[in-house]
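Subject: Handover of a structure

Dear colleague,

Please find below the structure that I am handing over to you. I would be grateful if you could read the notes that follow with the structure open beside them.

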Amino acid sequence: MSDDNVKSLKVKRSSRLSGFYRETPERRRKRLVESRWLAPEDAEACAGLGGFDEGCADAMVENVIGLHGLPLGVALNFVVNGQDRLVPMAVEEPSIIAAASYAARLCAEGGGFTVSADGPITTAQVQLLDVPLLESAEASLRAQTPELLAEANAFLANMCARGGGARELEVRVLDATTLVVHLHVDTRDAMGANLVNSLAEHLAPRLASLAGGRAGLKILTNLADRRKVYVRVKVPASVLASEGFPDGAVVREGILEAQRFAELDPYRAVTHNKGVMNGVDAVLVACGNDWRAVEAGAHAYASRFGVYRPLTSWRHGPEGTLVGLLVMPLATSTVGGAARTHPGVQRALKLAGVTSAVDLAGLAGAAGLATNLAALKALSTEGIQKCHMALHARRVAAEVGAQGELVECVAERLAHERVYRPERAREILAEEVRRKGASR
């Protein structure tokens, strides 16, 4: 993280940008500059592909034939550990960014998100097969742990110089002839996949010799349960009130009933957790991280007790508040990979004021808890479709050729009529064009 980025965190800025959603993309970029969230050159680069070209793409993946874009937006109103933050989100689905911003505003009324996280531990697995004497093999491996960790850290000299390195060796029995050795490595601001995979391959022959067996797979696990993030919020019941639901306490009870549903039924829990990952994944994509690894780890963690359960917990809090907690494995990186090669990722990290991989994990977790809250509130009150379809109306308007302010005009009329058919959108667009032409 650059010195400029660190300094920018000390500047008092508000994450509440009134009317932001009504602006054009160009005007939004100007407002981010005016409110000191973006430097002018970064705002200008956000337009179009922002410096991401075929050369960058060809260096990142194989068989490149072109570029495929996603909308990049910012979620507003986030207060994380007492500090206003903007949250970059890259996602194709309407309503996710709006939902995150709305829920973050509700959470800010109770002090915002309190975030903490485990250290950045990435775990490599070495599978040991055909082990003849499991107890003897376990004892031998444990007895040699200090020497094995010393060898690991000699191999990881550069990582150790940055404050990381191998922290622990763990031995697990899988069946009558199979052991697995876990090497827990502090990878600092790196995801650490290549590093721990190389370490596993380096140590595998010695581990197999000590166990009297043979080495099988040597690779990291994406169940990063030593790299969890913890996000907490306290929402006053009064701010949960909305049109048609004037009693916030009633809304709170509806959210708690929805939480209980997810705790009782894995079919509901899956969709509940998808609402969490709407926020988490959008941040990870914007910031060039491996969202697939995080998804896999999150769902495995949700099943750790033998039944699939929600990643969040919503409960009654003091003075009638609604208290939420998200706990999930969330391995992130701010160095290497796309953060090194993709200029858009670099700008997203800068916009978010990310200071470390742990900080990024906390920000993504806050976004996940926010989108979960927004979904539960909508489901327990007016239903998920009202907000979602109102935003979908903008997409329908654009599909039939509306541009600029006409997108909002057509979308508002579609939403008011609760009709989202393209043919009706075309009729409204023609009417609006005629009306504007006649008014000139």
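**Overall form**

A compact globule of 440 residues would have a radius of gyration near 22 Å, and the protein chain has 25 Å, which agrees. Please keep in mind throughout that this is a predicted model. The C-alpha trace of the protein chain spans about 85 × 50 × 45 Å along its principal axes. In terms of secondary structure, the protein chain has 18 helices and 10 strands. Of the 440 residues, 49% are buried.

**Two pairs of helices**

Helix H11 (residues 266-286) and helix H15 (residues 357-379) have axes that come within 7 Å of each other and cross at roughly 135°. Angles from 65 to 115 degrees count as roughly perpendicular and those over 145 as roughly antiparallel, so H11 is oblique to H15. The crossing of these two helices is right-handed.

Which residues of H11 and H15 meet? On the side of H11 they are Arg268, His272, Gly275, Val276, Asn278, Gly279, Val280, Val283 and Leu284. On the side of H15 they are Leu360, Ala364, Ala367, Gly368, Thr371, Asn372, Leu376 and Leu379. By type, the residues of this contact between H11 and H15 comprise 9 nonpolar, 7 polar and 1 charged.

H17 passes H18 in a right-handed crossing. From H17, the contact involves Glu405, Leu406, Cys409, Val410, Arg413, Leu414 and Glu417. From H18, the contact involves Arg424, Ala425, Ile428, Leu429, Glu431, Glu432, Val433 and Lys436.

**A mostly covered helix**

Helix H14 (residues 343-352) is mostly covered, with 8 of its 10 residues buried. The buried residues of H14 are Pro343, Gly344, Val345, Arg347, Ala348, Leu349, Leu351 and Ala352. After H14 comes Gly353, which has a positive phi, near 65°.

**Residues with a positive phi**

As background, most residues other than glycine have a negative phi. Arg36 is found in the loop between helix H2 (25-34) and helix H3 (40-46). Is Arg36 buried or exposed? Arg36 has a relative accessible area of 52% and is therefore exposed, as the cut-off for exposed is over 50%.

Asn77 is also a residue other than glycine with a positive phi, in this case near 75°. Asn77 lies in strand E1 (residues 72-80). With 9% relative accessibility, Asn77 counts as buried, because buried means under 20%.

**Two residues and their contacts**

Arg16 has its place in the loop between helix H1 (3-8) and H2. Its relative accessibility is 39%, so Arg16 counts as partly exposed. Leaving aside residues up to four places away in sequence, Arg16 touches Asn77, Asp84, Arg105, Ala108 and Glu109. Arg16 and Arg105 are 89 residues apart along the chain, and their C-alpha atoms are separated by 8.2 Å.

Thr122 belongs to strand E4 (residues 121-129). Its relative accessible area is 5%, so Thr122 is buried. With residues up to four places away in sequence again left out, Thr122 touches Leu183, His184, Val185, Thr187, Met191, Gly192, Val196, Leu220 and Arg227. Thr122 and Ile65 are 57 residues apart along the chain, and the separation of their C-alpha atoms is 34 Å.

Yours sincerely,

A colleague

Technical notes
Residues are numbered from 1 along each chain as its sequence is written. This is a predicted model: local features need pLDDT of at least 70, side-chain atom pairs count only at pLDDT 80 or more; totals for chains, interfaces and linings use all residues. Side-chain values use heavy atoms; hydrogens and water are left out. Axes are lines fitted to C-alpha atoms, for helices over the stretch in contact, and angles run from 0 to 180 degrees between N-to-C directions. Helices (H or I, at least four residues) and strands (E, at least two) are DSSP runs, numbered from the N terminus. Angles under 35 degrees count as roughly parallel, over 145 as roughly antiparallel, 65 to 115 as roughly perpendicular and the rest as oblique. A crossing is left-handed if the near helix is turned anticlockwise from the far one by less than a right angle, and right-handed if clockwise. Contact means heavy atoms within 4.5 Å. Ala, Val, Leu, Ile, Met, Phe, Trp, Tyr, Cys and Pro count as nonpolar, Asp, Glu, Lys and Arg as charged, and the others, Gly among them, as polar. The radius of gyration is taken over C-alpha atoms; the globule rule is 2.2 Å times the number of residues to the power 0.38. Buried means under 20% relative accessible area, exposed over 50%, partly exposed in between (1.4 Å probe, protein chains only).
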